[in-house]
Protein chains: 2
Amino acid sequence: MSTSAGPDGSSRVTARYWIETARPLEEAAAIMAGEQSTGTFVRVAGETDELRARCGARVESLAALGEAAAPSLPGAWAPKSGTARPQTAEVTLSWPLHNFGPSLPNLLAAIAGNLWELRPFSGMRLLDLTLPPAFLERYRGPQFGVAGTRRLTGVHGRPLIGTIIKPSVGLSPAATAERVAEIAAAGIDFVKDDELQADGPHCPFEERLSAVMRVLDSHAERTGKRVMYAVNITGEIDEMLRRHEQAVAAGNTCVMVSLNSVGLPALAALRAHCRVAIHGHRNGWGLLGRSPAIGMSFIAWQKLWRLAGIDHVHVNGLDNKFCESNESVIASARECLTPMFPAPHPGCEVLPVFSSGQSALQAPETYRALGSVDLLHACGGGIMGHPGGIAAGVRSLHQGWEAAVSGVPLAQYARTHRELAQALAAFGR
Amino acid sequence: MSTSAGPDGSSRVTARYWIETARPLEEAAAIMAGEQSTGTFVRVAGETDELRARCGARVESLAALGEAAAPSLPGAWAPKSGTARPQTAEVTLSWPLHNFGPSLPNLLAAIAGNLWELRPFSGMRLLDLTLPPAFLERYRGPQFGVAGTRRLTGVHGRPLIGTIIKPSVGLSPAATAERVAEIAAAGIDFVKDDELQADGPHCPFEERLSAVMRVLDSHAERTGKRVMYAVNITGEIDEMLRRHEQAVAAGNTCVMVSLNSVGLPALAALRAHCRVAIHGHRNGWGLLGRSPAIGMSFIAWQKLWRLAGIDHVHVNGLDNKFCESNESVIASARECLTPMFPAPHPGCEVLPVFSSGQSALQAPETYRALGSVDLLHACGGGIMGHPGGIAAGVRSLHQGWEAAVSGVPLAQYARTHRELAQALAAFGR
């Protein structure tokens, strides 16, 4: 596999940012590039022109976006005139790969290190990044992704339908397994632990795994259907590797990890040994992504984790109960299904997980906006709170997606599909 | 060692937040506690009173702070009246330790997970947390800390004086070693790689380590002084463990890690094997900490890393060239020297590293505000740019701290100390 060197014989990493600054835009962009490569606050001995040409970051493009009403973040240099306002812009920088090599942690120090503390800036957001395929020499990307998850679950031609074990915490292993038994009997494809449930003393990992797998094995024997259980293995690295082995030994097909809690190297270490699908939970994402003035986009964030090896990742859901817009949710999900390297390299596509306030009602708009059934539709109340029971809840999801894919309005399809009609009555707004 | 259970027989974790919300404050606080423990958007079957009493998070205190001018973050529920403004408050929540056990990654899912996506909130910041000593059964804390770093460097009764190899990237191993030779000859205690320099093909880790250690060994033979070299081992976990072994084999006494790039489990895995001081670099911190409306305080952040095992951590410096206030820098440094567990448990104190725009000029105010010489004073231009040369730069730092500790004004001390006088002339404002 070639690593696609650039025209100057070296591969480059690019990163695109939204910035807000009271400095002239060209100067601000040059400060970013300098600080994150060869420069420092003052020109130092040894920073030769040759060294700058070889290792300096470059400003690839700069597009002004207009004035900000006021500085978004404190601590920045003020405009020189008291009445002037900071300017906003999009800037794309590039770095020679040889500054850090194909190493995600060291890439982060360059593209997402000290930048947010630089005084010229009263706002900064990492919007996107492109990595040269050389990163595929060190990282494995998703092992299962969309196609592999379909193979493991036997679900084809429609979204996987999933749910979450609730209450989040406080159930014993036996009580958890009872819940899972009900859920499996209802015809679900996928069930997951809450991210708050890992290995507390009242629901230890091993006991929970055994109890749930006994239920799912028995269900598979009876029905031929293997429900995927995203068991939460989040913990220290040795714990995650041990719990992965236990999950594999128990015949499970998936493990769940709270990505922001463990970091990229821990995920890459898990991926190197992993034999099942890795369900990436994004809890903590809001801290990085919610503010328009600081942080990073989900688009940039998910590329790092895809390369490191997740197979699924949460993207929130349409009309969710959190604070994210539908446009943002769909942009995230589309990106998960978009190749991050050009052919013939693997694209590292992953399965987007829609959740939060989901029911059959969101199927048509999700399908219309995403243009695909390659997703996991995870519903809590939309299944558990269905007036006809859990099995009716699962059926209502199937019916909602059948209607969506065939282009029939939900209300029309519901005339001949009782569980969908019940869902519309119960969850309709 | 006892794990100090609470009066109800269970240890609890507490976390204090700044919040901004258009909901009644008591309701908003209850939503936080519910979502991050037993609750979900709707009351579900199985969320019994017994389960809530056993596993629910509690609101321990709530103090209103007044109105916000406007919502700080988008996506939140608006006030019911168009003219009403969101309220701000500090809220302290507590969780029973048995919800997650003494596990830092799973603690994060509870105290810093989905909270930032909850729609009632237009602002949220984690300000502080307290952990029960049970965490010391699983985590090791700093191995060297202040006293151990003094022992490894032989520096007592004054701050360690350090500097950073520049240019950040682009020097060959031989050129790096030449720089270090000059710096060591100047009498420095500590030298570090820039966080942008790790293992690129033009300055591979092993060659850089060998070249630098030859210089430092020879310096130690000549002078008896062992300069501490914070060699940047940031990378994947196997790489970091291998590089640590190489650093130890080469006789080095310190390794540096970009903390936000590697994650807590990777740091804990390194700490379990580590035989030298761990220099914690906080690059990327600005993304988490700079906005007053979102993120977390350095106070909260550094507790997690101290427990995981760092020995030093960057706190910026007074009159720095970034955007942080002096008050914030001093609060961070004080916290590093404050025990995070009560006696007889280890306090896990770590050495604060002052850097960015530092010279002898900041010594008096740093000493006055911190009340301690337990710090590493890392100066770039303040040493390298000294008009008398590098050795004079180091001497000016010693003189500045002598003046500071003895309470003599710098200008007065400079009358009999030439290098300090040169520093005042060169760097004075």
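A salt bridge is taken here as a side-chain nitrogen of Lys or Arg within 4 Å of a carboxyl oxygen of Asp or Glu. By this criterion, one salt bridge is counted between domain 1 of chain A and domain 2 of chain A in the predicted model. The pair is Lys303(A) and Asp128(A), whose closest N and O atoms are 2.8 Å apart. Eleven residue pairs are in polar contact across the interface of the two domains of chain A.

The domain assignment places residues 12-136 of chain A in domain 1 and residues 145-427 in domain 2. The centres of the two domains, taken over C-alpha atoms, are separated by 36 Å. In the contact between them, 21 residues of domain 1 of chain A meet 22 residues of domain 2 of chain A. About 1700 Å² is buried between the two domains, with 73% of this area on carbon and sulfur atoms. Of the area that domain 1 of chain A buries against domain 2 of chain A, 34% is supplied by Leu104(A), Arg125(A) and Leu136(A), more than by any other three residues.

On the side of domain 1 of chain A that touches domain 2 of chain A, 17 residues are nonpolar, two are polar and two are charged. Helix H3 (104-111), strand E4 (121-130) and helix H4 (135-138) of chain A each give two or more residues to this side. The most, seven residues, come from E4(A).

Chain A is superposed on chain B by a rotation of 180° with 0.0 Å of shift along its axis, at an RMSD of 0.0 Å. The two copies are therefore related as by a two-fold rotation axis. Gly263(A) is the residue of chain A that comes closest to the axis, its C-alpha lying at 2.1 Å. The same surface serves both copies, as 100% of the contact residues of chain A recur in chain B.

Between the chains, 89 residues of chain A are in contact with 90 residues of chain B. The two chains bury about 7000 Å² between them, 57% of it on carbon and sulfur atoms.

Four salt bridges are counted between chain A and chain B. Glu117(A) also forms a salt bridge with Arg282(B), at 3.5 Å from N to O. Residue pairs in polar contact between the chains number 30. The elements that give two or more residues to the side of chain A that touches chain B include H3, E4, helix H8 (237-249) and helix H10 (264-273) of chain A. H3(A) provides the largest share, six residues. This side of chain A divides into 40 nonpolar, 34 polar and 15 charged residues.

Methods: Residues numbered from 1 in each chain as written. Chains lettered and ligands numbered in written order. Predicted model: local features only at pLDDT ≥ 70, side-chain atom pairs only at ≥ 80, totals over all residues. Heavy atoms only, no water. Domains from an automatic or database assignment. Contact = heavy atoms within 4.5 Å. Buried area = accessible area lost by both parts, 1.4 Å probe. Polar contact = N/O pair within 3.5 Å; in protein donor to acceptor, adjacent residues only side chain to side chain. Helix = DSSP H or I, 4+ residues; strand = E, 2+ residues; numbered from the N terminus. Nonpolar A, V, L, I, M, F, W, Y, C, P; charged D, E, K, R; others polar. Least-squares fit on C-alpha atoms with pLDDT ≥ 70 in both.
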